[in-house]
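This report describes selected features of one protein chain.

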Amino acid sequence: MKTDNQLGIEFNKDCSIRKAIEIIGQKHSILIFNELLKHQVLRFGELRRVLGNLNTGTLSITLKQLEDSGLIRRTVFSEIPPRVEYSLTDKGKELEKVLIQLQLWYEKWYKD
């Protein structure tokens with residue numbers, strides 16, 4: 001099997017890097033991860049505020065996709081009014097290492 005680079009990664013539709021980017025590269029996903037890493041648990045309104053009053057529909061869709069991917073946990077409390085909290089799963093927490101490396105790479109090569 002011919003690969004496209006020294007890592008031995010074949011960049012096709014089944015490429016693991018391509019699939020990872022499809023999951024975490026969604027609009028606002030990295031920002032959501034960052035806030036949940038900082039705060040551990042946030043309610044929907046809190047997430048919306050820390051993200052700069054992101055559109056409610058956009059935030060809902062992104063959170064649902066991240067939940068479906070197993071990266072965040074949505075906990076619903078049966079209270080009046082209902083309370084919903086979001087936190088990272090163990091799978092989501094592992095992304096912290098990746099994000100730190102991405103930040104270091106950017107700061108080395110692009111930060112003024």
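## Salt-bridge network

Glu79, Arg83 and Glu85 are joined in a network of salt bridges. The structure is a predicted model, and the distances given here are computed from it. Arginine 83 pairs with glutamate 79 at 2.9 Å, N to O, and with glutamate 85, where the closest N and O atoms are 2.8 Å apart. Glutamate 79 is partly exposed, with a relative accessibility of 35%.

## A salt bridge within helix H4

The salt bridges number 4 by the rule applied. One of them connects the side chains of lysine 64 and aspartate 68, at 2.9 Å from N to O. Lysine 64 and aspartate 68 are 4 residues apart in helix H4, which means that about one helical turn separates them. Side chains of opposite charge can pair when their charged atoms come close.

In soluble globular proteins, nonpolar side chains tend to be buried together. In this model, the largest nonpolar core comprises 18 residues, and Ile32, Phe33, Leu47 and Ile72 have the most contacts inside it. At least two residues of this core come from each of helix H2 (29-39), helix H4 (56-68), strand S3 (83-88) and helix H6 (95-109).

Isoleucine 72 illustrates these contacts. Beyond its neighbours within four places in sequence, isoleucine 72 touches Phe33, Leu36, Leu63, Leu66 and Glu67, as well as Tyr86, Ser87, Leu88 and Thr89.

## Nonpolar surface patch

Leu102, Trp105, Tyr106, Trp109 and Tyr110 make up a nonpolar surface patch of about 620 Å². Tryptophan 105, one of these residues, belongs to helix H6. Its relative accessible area is 44%, so tryptophan 105 counts as partly exposed.

## A buried polar residue in a loop

Glutamine 26 is located in the loop between helix H1 (16-24) and H2. Despite its polar side chain, glutamine 26 is classed as buried because its relative accessibility of 17% is under 20%.

A polar atom of the glutamine 26 side chain lies 2.8 Å from the backbone oxygen of isoleucine 23. Apart from neighbours within four places in sequence, glutamine 26 is in contact with Ile21, Thr62, Gln65 and Leu66.

Definitions and conventions:
Residues numbered from 1 in each chain as written. Predicted model: local features only at pLDDT ≥ 70, side-chain atom pairs only at ≥ 80, totals over all residues. Heavy atoms only, no water. Core = buried A, V, L, I, M, F, W, Y, C linked by side-chain atoms within 4.5 Å. Buried < 20%, exposed > 50% of the residue type's maximum accessible area, 1.4 Å probe, protein only. Contact = heavy atoms within 4.5 Å. Patch = residues over 30% accessible without salt bridge, like charges linked within 9 Å, V, L, I, M, F, W, Y side chains within 5 Å. Areas by Shrake-Rupley, 256 points an atom, 1.4 Å probe, with all protein chains shown as cover. Polar contact = N/O pair within 3.5 Å; in protein donor to acceptor, adjacent residues only side chain to side chain.
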